[in-house]
Amino acid sequence: MKKSETGDISIIGKITEQSGMFYPDMVKDRRHLHSNPELSFAEYETTRFIKEKLTRMGYEIHSPTPTGCIALMKGGIVSPKVTALRADIDALPILEDGEAKNEFISSKPGISHCCGHDLHTANLLGTAAILSRNKERIPGTVVLIFQPGEEKLPGGARLICESGILEDLGVQEIFGLHTDPNLEPGKIGIRHGRLMAKPDEFAVKIRGKGGHAASPQNCIDPVVILSQVVLQLQTIVSRNINPADAAVVTVGKIEAGTAHNIIPAEGSLYGTVRTFRDEIAGEIRSRIETIATHTALSYGAVAEFVYESGYPAVINYTDQTDKVIGVAASLFGPDAVRHMPEPYMAGEDFSYYLQKFKGAFFFLGSGSTRADSHHAWHHPRYNVDETCLLTGSALLASLVMLEGKNGKNQ
Ligand code: NI
C-alpha cells in the first residue's frame, strides 16, 4: 500500500484525536480495575469485564487459558500482516497505600494493582476501541492479548505461547509496554537488544546442630555458615563472570534462630540471580551450589540447594524497536523517545513471545508529582499518572495502522 506523507499525517491526527476521545473511558476502566484487583491466574472478574467490552466492539474472542483472553479483528485493507499487542492483567499480593488513589483504592485488602497492570489493561481496551473505529483502515489482522499471570511462574505468556494459538492466528510481530515511574507521561523509553534481565530465584538451607549459645563446641552453628555463604556468593560476579556480561547475585532474605541464647539447628537464605544469557545463569547456579554445599561440608553441616529458573531475558528486535521509535517520534515528536542507556535488571514474561515472534517491548512514562506516581514498581504507594493513556493507546494503535519501520505507510 502506498500512502503519501499527507495521508500519514491525517491518520496520525485521527488516532491522537481518538485517543483523546476515549481517554475518559480508559480512565474509568483503569479505576474500575484498580479497585477490583485479582491475583495471578485468578483474574475471573477482570476477564469477564474485558470480554464484555471487546464483544461489544465486535472482536472475535478466544480463550486459550482459563483467565485472560485473545481478541481478533480483521482489518479492511487486504494484507498478510498480523500484528499482536499484549497487556498483562494481574495484580499483586500487596496491601495498598496512597491518598492519590483514595477514590478508587483497592477494595480487597492485601491485593492491589501496584505494578500498573490495571493501566496496561485499560490502555489496550482503549487501543481496541480506536482500532475498531478505524477497522477499514487497518492493514491485515490485529490480535490483542489480555494475558493472565505475569507476576507468577510459569508466567501467563508461557502458557499462551505453549497453547500454539498465536501461530494458529498467524502472528508475525508483537508489541507490549510497561508503565515506568522513572519517566514523565508523554515519554517512552526503549532500547535495542537487551531490555530486561532473566530473573531466577534460589534458596539454601543449612542443617547444622542446635544447642545452648554458651556451648558452641557442642553445636554446628548454621548462622555462622550462612554468613560465610553470603560473603562467598559475592565473589561469583566479581571473580567468575566476564566483566563484559551483566549479572547480579543478591541475597534478599535470611532466616535462622529464635532467641539470643540459642544456636538454631538450621537456617536458610533466599536470593535472586539476574542475567541476560542462559549460559551465564547456568554458571552462576552451579557456583552457588558448589559454594553452599562445600562451605556447609567444611563445618560438618549439610546444605540443601533449590534453584528456580525464571523468565528468559527480554531482548528487543532491531526492526520492531526502530518501528516503535519511528512511530512514537511521528506521533509525539523525537523528544518523546528516550533511548535507554542501559537495560533494567527486572524481569518480564513478554520474553516468551520474543522467543517465537519478532517484536519489541517499551516503557510508557507514568511518573509525576501531580499523581504521586514516582514510587517504584511493587511499592504500596505505586500509582500512575493516567495521562500516559493518551500516549500508550495512540502509540499501540499506530503500530498496527502504520506499516513502515520509520512509522510511515510504505
Ligand atoms: Ni508489571
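In this predicted model, the largest nonpolar core holds 58 residues, and those with the most contacts inside it are Leu54, Tyr59, Leu131, Leu144, Phe146, Ile188 and Phe362. Helix H11 supplies the largest share of this core, namely nine residues. A second, separate core comprises 27 residues, among them Ile70, Val143, Ile160 and Leu169. As a general background, nonpolar side chains in soluble globular proteins tend to be buried together.

Leucine 131, one of the residues with the most contacts inside the largest core, is in contact with Tyr59, Met73, Leu85, Ile138, Val142, Leu144, Ala397, Val400 and Met401, once its neighbours within four places in sequence are left aside.

Helix H11, which spans residues 388-401, also packs against helix H9, which spans residues 318-332. Two packed helices are described by the angle between their axes and the distance between the axes. For H9 and H11, the angle is about 120° and the axes lie 10 Å apart; the two helices are therefore oblique to each other. Their crossing is right-handed. On the side of H9, the residues that meet the partner helix are Lys323, Val324, Val327, Ala328, Leu331 and Phe332, while H11 contributes Thr391, Ala394, Leu395, Ser398 and Leu399. Sorted by class, this contact has eight nonpolar residues, two polar residues and one charged residue.

Not counting residues up to four places away in sequence, arginine 30 touches Phe104, Asp118, Leu119, Ala122, Asn383, Val384 and Glu386.

When residues up to four places away in sequence are not counted, asparagine 240 touches Thr235, Glu283 and Arg287. Asparagine 240 and isoleucine 284 are separated by 44 residues in sequence, and their C-alpha atoms are 8.2 Å apart in space.

Technical notes
Residues numbered from 1 in each chain as written. Predicted model: local features only at pLDDT ≥ 70, side-chain atom pairs only at ≥ 80, totals over all residues. Heavy atoms only, no water. Axes fitted to C-alpha atoms, helices over the stretch in contact; angles between N-to-C directions. Helix = DSSP H or I, 4+ residues; strand = E, 2+ residues; numbered from the N terminus. Parallel < 35°, antiparallel > 145°, perpendicular 65-115°, else oblique. Left-handed = near helix turned anticlockwise from the far one by under 90°. Contact = heavy atoms within 4.5 Å. Nonpolar A, V, L, I, M, F, W, Y, C, P; charged D, E, K, R; others polar. Core = buried A, V, L, I, M, F, W, Y, C linked by side-chain atoms within 4.5 Å. Buried < 20%, exposed > 50% of the residue type's maximum accessible area, 1.4 Å probe, protein only.
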